Amino acid sequence: MVLIHEVAQRLRLTWWGLVLLGCAFALIEEGLALQTIFNPVGMDGEAVHGRALGVNWFWAVVVSGYHIVWSVLLPIAIVHLVFPRCSRVPWLSRRAATVLILLFASGTAVFLLISYLRSDFRLSWVQAAATMVVVAGLVWAATKCKEHGSVALTGSVPRRNVVGLFGFAAGAGWFVLFLVAFIGGPISFIWWTAGALLYSAGTALLVRRWTRRAWTARHQLALCFGLAMASALFGLLLVALSEHRADIAFQCAVITALIVGNAWIRRRANASPATPPYRPPERQSRESR
């Protein structure tokens with residue numbers, strides 16, 4: 001997440017550039033390291049719905065969307081809400097960034113070792129090469145998404161409570177797709193995959209449209225809180241099914257911490273229009289000079 005933020009800030013990337021970098025990260029972790037995108041039975045022996053040509057297509061879309069939102073965009077947004085003065089500048093020096101790159105590479109190698117120890121599946125060189133080509137293409141495309149200034153749209157944003165409920169509903173819907181990836185469905189996985197792509201695109205475009213209107217830090221916080229609660233409650237559902245009391249107690253503590261943290265950050269967030277966490281400082285247009 002930190003590395004992606006650094007690249008986005010230093011290259012002045014747009015919202016779409018950050019999304020593409022998040023997708024590249026997802027393919028590195030789930031495709032090359034953990035290999036869940038290609039493993040026919042997952043890491044724990046469970047069958048994956050929607051497999052064709054050696055790829056778990058539906059799972060690839062779902063897990064990539066998870067990493068883009070919950071592993072990249074959401075943490076960056078929360079940090080920017082807590083430390084708004086750091087939202088428009090790089091966080092690391094070049095030396096620190098180099099160290100973090102080495103740590104990321106080491107972590108990826110550890111994940112690869114874990115996947116080898118927990119599963120008999122081995123990634124073929126064709127699958128690895130294809131994944132690296134796609135990752136390189138995503139990174140290249142992201143670097144072309146430069147910020148050149150944007151025009152604010154007229155119109156209002158829904159109330160903060162509505163935005164929060166929207167974030168929760170959108171997140172809960174995505175986690176339902178997680179379950180579909182393993183239990184299957186009455187229709188072909190092709191339609192599930194197409195539906196997931198349309199679902200994510202529609203949600204992203206709507207949020208993007210809101211952020212170009214009278215968007216405030218509190219709207220941003222409401223959206224983040226809804227997404228975080230959807231993830232936490234989904235985790236509670238999973239641990240409740242396992243009936244491990246310690247896991248259930250821990251997840252309840254996480255939910256409590258989210259509620260308390262939301263109340264604390266809300267006090268710090270002002271209601272003035274705010275730039276979304278993934279957008280660099282806008283350049284002044286010629287017309288406004």
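User: What share of the contacts with a separation of 6 or more comes from residues 24 or more positions apart?

Analyst: Such residues account for 81% of those contacts in the chain, where contact means heavy atoms within 4.5 Å. This is a predicted model, in which local features need pLDDT of at least 70 and side-chain atom pairs count only at pLDDT 80 or more, whereas totals for chains, interfaces and linings use all residues. Residues are numbered from 1 along each chain as its sequence is written, and side-chain values use heavy atoms, with hydrogens and water left out.

User: How do you know which elements the chain has?

Analyst: Helices (H or I, at least four residues) and strands (E, at least two) are DSSP runs, numbered from the N terminus. By that rule the chain has nine helices and two strands, in the order α-α-β-β-α-α-α-α-α-α-α.

User: Why is the crossing of helix 1 with helix 2 given a hand, and which one?

Analyst: A crossing is left-handed if the near helix is turned anticlockwise from the far one by less than a right angle, and right-handed if clockwise. Helix 1 passes helix 2 in a right-handed crossing. I4, V7 and A8 of helix 1 meet L18, L21, G22 and F25 of helix 2 there.

User: What makes one residue of that contact polar?

Analyst: Ala, Val, Leu, Ile, Met, Phe, Trp, Tyr, Cys and Pro count as nonpolar, Asp, Glu, Lys and Arg as charged, and the others, Gly among them, as polar. The contact therefore divides into six nonpolar, one polar and no charged residues.

User: What makes a group of residues a nonpolar core, and how many residues has the largest?

Analyst: A nonpolar core is a set of buried (under 20% relative accessible area, 1.4 Å probe, protein chains only) Ala, Val, Leu, Ile, Met, Phe, Trp, Tyr and Cys residues joined through side-chain atoms within 4.5 Å. The largest has 53 residues, and I37, F58, W174 and F178 have the most contacts inside it. Helix 3 gives the most to this core, with 13 residues. Another core, of five residues, lies apart from it and includes L81, V82, A217 and I265.

Methods: Buried < 20%, exposed > 50% of the residue type's maximum accessible area, 1.4 Å probe, protein only.
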